[in-house]
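Dear colleague,

I am passing on the structure below for you to look over. My notes on what was found in it follow directly after.

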Amino acid sequence: MVSLFKKKPAYQPPVDETGRKAVIDIRGVTKTYLMGDIEVNALRGVDLQIYQGEFVAIMGPSGSGKSTLMNVLGALDQPTTGEYFLDGVNVSKMTESDLARTRNQKIGFVFQSFNLLKRTPALRQVELPLIYGGAANRTKRAKAALESVGLGSRLDHLPSELSGGQQQRVAIARALVTEPAMILADEPTGNLDSRSGTEVMQIFQSLNRDKGITVVFVTHDPWIARHTNRVVILRDGRVVSDRMVSQPLIAGKDERPSEADEMESVLKDAYYGGKEEEYN
Amino acid sequence: MSLTESFRVALTGLLTNRLRAILTTLGIIIGVGAVIGLSSLGRGVESFIASEFQALGSNVLFVFSSAPTSGTRTTIQPISTLEGEALGDPTVAPDIAQVAMETVVPGRVVNGGRSVTIVLSGVTPNFAVVRDWPVQTGVFFSDEDLDAAARVIVLGTTTVEKLFGDKAFDPTGLPVRVNDRVFTVIGVMQEQGGGIGALGDQNEVAFVPMTTAQTRLDNARTRDGGYRVDVLHIQTRGEESMDAATLQVESYLSDAHGVTFQGEQDFTIINQRDLLNSLGAVTGILTVFLSLIAGISLLVGGIGIMNIMLVSVTERTREIGLRKAVGARGSDILTQFLIESLVLSLVGGALGVALGWLITLIGGALVPDLDLAITTDAIALATGVSTFIGVFFGLYPASRAARMKPIDALRFE
Ligand SMILES: Nc1ncnc2c1ncn2[C@@H]1O[C@H](COP(=O)(O)OP(=O)(O)OP(=O)(O)O)[C@@H](O)[C@H]1O
Ligand SMILES: [Mg+2]
């Protein structure tokens, strides 16, 4: 082998204090979009390690680069510079067919807008990754995945016959059916009401707690983020905060204060902004 | 992914988008069906017309009076019986075997309550021989009938049908009134194929002895003391004598009619070959015209296919993005789309061939005399072109989408 002469030391994934290996290890990742002549620096050098079995929320203001980062992590997009090791393998050096296999086997991606195939029953949606992975027992496994997200009775329903929350659960079943090492989700609860959002968090929590699957998702909702173990905050394409959650909430158990209750503490007793007779 | 797996994905894709699949197929069906149906019709008409003229016989010349094409001459001297007889003389025209003469007069044939208005052909007895057209029942005229200007008549089958109500009826021996005189039917001409074609219904005819037409039904004397003849049916000694015979007729008649300059001839000589040649130009135009229509149909069908394929690009680009996001390779996508468009094109092509066949069948049923046949080159051309269009426009957007990064395909609008 010619490369023997200049062989770099083989990559060893970093390990955290409890001995867990990093499934995601990105170093100096930048992403620059070209809009005509204008360069948009969506990511300006992100270093991030996420270890096996972690449950991480990524937060940050709109335009801070959260989706850009998720797409890189999900191997749906390539960074402009920097390196990405996924489960010990350098993703930036992969061929197109290795990338496809990685997306198929190691990653389950959940989109904010569900991205289900039109006019296709739930069961077929969930079978899709198994088909491309050449897996056996597809129908059985797809059924089990749908049952695990509480949709065992909706196998033949088309997307148009499901509520938003149910569609997102089909998408989650599709993401977890190949039993990937990690599930990545870009604002999975962004299009859902709070009850459906809580259902999604319940599923994620149990996948993480019971099956040890690494879950990383983007959210704008602090209440949702409080269900995770770790919150990473981006601003202007950089990580500005990366901290552990002291007391993670348990989805379904910790009742979210109603909107009226939340508002109660900030609203004054009565309206004083106009002329009183307008309200009588 | 295995090929059977690709097939299953592609077929599922087609079934979930039935409307798009049906519309695409429809474009192909119309294109292919039109090309096959029209080209078969075109060829059928062409060979039908050709065969009709072939029935005129390859060694027969037709001579009839016509206006001169140039010069100062304005009068037409009719062809006379004396000239016809002279041309039958081997010393005058050695390449002519025999001459049959025909004088036509308007006529009305009546049988009881039924009647038919018809062009009566007064012919010499050798007409049936020269035109190779025998009677199917009864007899044709004899020389005695000619000499006596006998009141006898031979009918075509359509005329029999019109006068007696049934084409198969044998009227031999029965009386009919011809221009208010009583004639006896002595025979029926064999039915001619061709039906209603370029030459009219060749079975709607009635023949009487030439002398009967000239003396009893008309008075058609000519200056030279003969009678007017409308058509000379000249049988030459063989196909190879046609040109020589034509020259002999031309020089004799030119002398007799005082024609000195080319273009002053007051008669026309034609033969089957000339007719076929000039007809070739007409049917050639017909074929070009039909091919044009067929080509336009194919184009319209092709544009239909293209439109549907391109219109669904946005939707399908997102679908491709999603498929890639869950692990499809570019080659999986291409295989799926290739199979999809091949299936559409081939199913559409097959149904299009069936449609073309149906057009041919219907055409054949409407006009039984057309010998319609689907040709393999029409099938090959039509299915080839539509398959190419279907596959190209099915595959081109797909291959573009398959090369995109999944996230770009997912966000495509
Ligand atoms: N395909 C693209 N082409 C050009 N610029 C892009 C593209 N995608 C994102 N950007 C830009 O990159 C920056 C980061 O976008 P990104 O979508 O990652 O933000 P975000 O944090 O996910 O925001 P939000 O919370 O609104 O979803 C933005 O300024 C955006 O305009
Ligand atoms: Mg975003």
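I begin with a pair in chain B: the side chains of Glu319(B) and Arg323(B) meet in a salt bridge, with N and O 2.8 Å apart, where a salt bridge is a side-chain nitrogen of Lys or Arg within 4 Å of a carboxyl oxygen of Asp or Glu. Because Glu319(B) and Arg323(B) are four residues apart in helix H10 of chain B, about one helical turn separates them; helices (H or I, at least four residues) and strands (E, at least two) are DSSP runs, numbered from the N terminus. Glu319(B) and Arg323(B) are both buried, a term that means under 20% relative accessible area, whereas exposed means over 50% and partly exposed in between, with a 1.4 Å probe and protein chains only. The pair also belongs to a network of salt bridges that links Arg316(B), Glu319(B), Arg323(B) and Glu340(B).

Before going further, please keep in mind that this is a predicted model, in which local features need pLDDT of at least 70 and side-chain atom pairs count only at pLDDT 80 or more, while totals for chains, interfaces and linings use all residues. Residues are numbered from 1 along each chain as its sequence is written, chains are lettered from A and ligands numbered from 1 in the order in which they are written, and side-chain values use heavy atoms, with hydrogens and water left out.

Turning to the interface, 24 residues of chain B are in contact with 23 residues of chain A, contact meaning heavy atoms within 4.5 Å. The area buried between the two chains is about 2,100 Å², with carbon and sulfur atoms giving 57% of that area; buried area here is the accessible area (1.4 Å probe) that two parts lose on being put together, summed over both. Leu322(B), Val326(B) and Ile407(B) supply 25% of the area that chain B buries against chain A, more than any other three residues.

The rule finds five salt bridges across this interface, and Lys118(A) forms a salt bridge with Glu315(B), the closest N and O atoms being 3.8 Å apart. On the side of chain B that touches chain A, the elements giving two or more residues are helix H1 (3–16), helix H10 (313–325), helix H11 (330–366) and helix H13 (406–410) of chain B. H10(B) contributes the largest share of that side, namely six residues.

On the chain A side, Leu99(A), Ala100(A), Thr102(A), Arg103(A) and Asn104(A) are buried in helix H2 (residues 96–105) of chain A. The cover over the buried residues of H2(A) includes strand S4 (81–86), strand S6 (107–110) and helix H3 (122–133) of chain A together with H10 and H13 of chain B. Thr120(A), in the loop between S6 and H3 of chain A, is buried with a relative accessible area of 8%. Leaving aside neighbours within four places in sequence, Thr120(A) is in contact with Gln125(A), His157(A), Leu158(A), Pro159(A) and Thr16(B).

Within chain A as a whole there are eight helices and ten strands, and 47% of its 280 residues count as buried. Among its salt bridges is the one between the side chains of Arg230(A) and Glu54(A), at 2.7 Å from N to O. Arg230(A) lies in strand S9 (residues 230–235) of chain A and Glu54(A) in the loop between strand S2 (38–51) and strand S3 (55–59) of chain A, so the pair ties together parts that are 176 residues apart in sequence. Both Arg230(A) and Glu54(A) are buried.

Chain B, for its part, is divided into domain 1 (3–52 + 278–411) and domain 2 (67–265), with bounds that come from an automatic or database domain assignment. Taken over C-alpha atoms, the centres of these two domains are separated by 55 Å. Ala401(B), which has its place in helix H12 (residues 376–403) of chain B, counts as buried at 1% relative accessibility, and, leaving aside neighbours within four places in sequence, is in contact with Thr317(B), Ile320(B) and Ala409(B). Ser291(B), found in helix H9 (residues 272–311) of chain B, is partly exposed, with a relative accessible area of 44%; the C-alpha atoms of Ser291(B) and Ser39(B) are separated by 6.5 Å, although the two are 252 residues apart along the chain.

With best wishes
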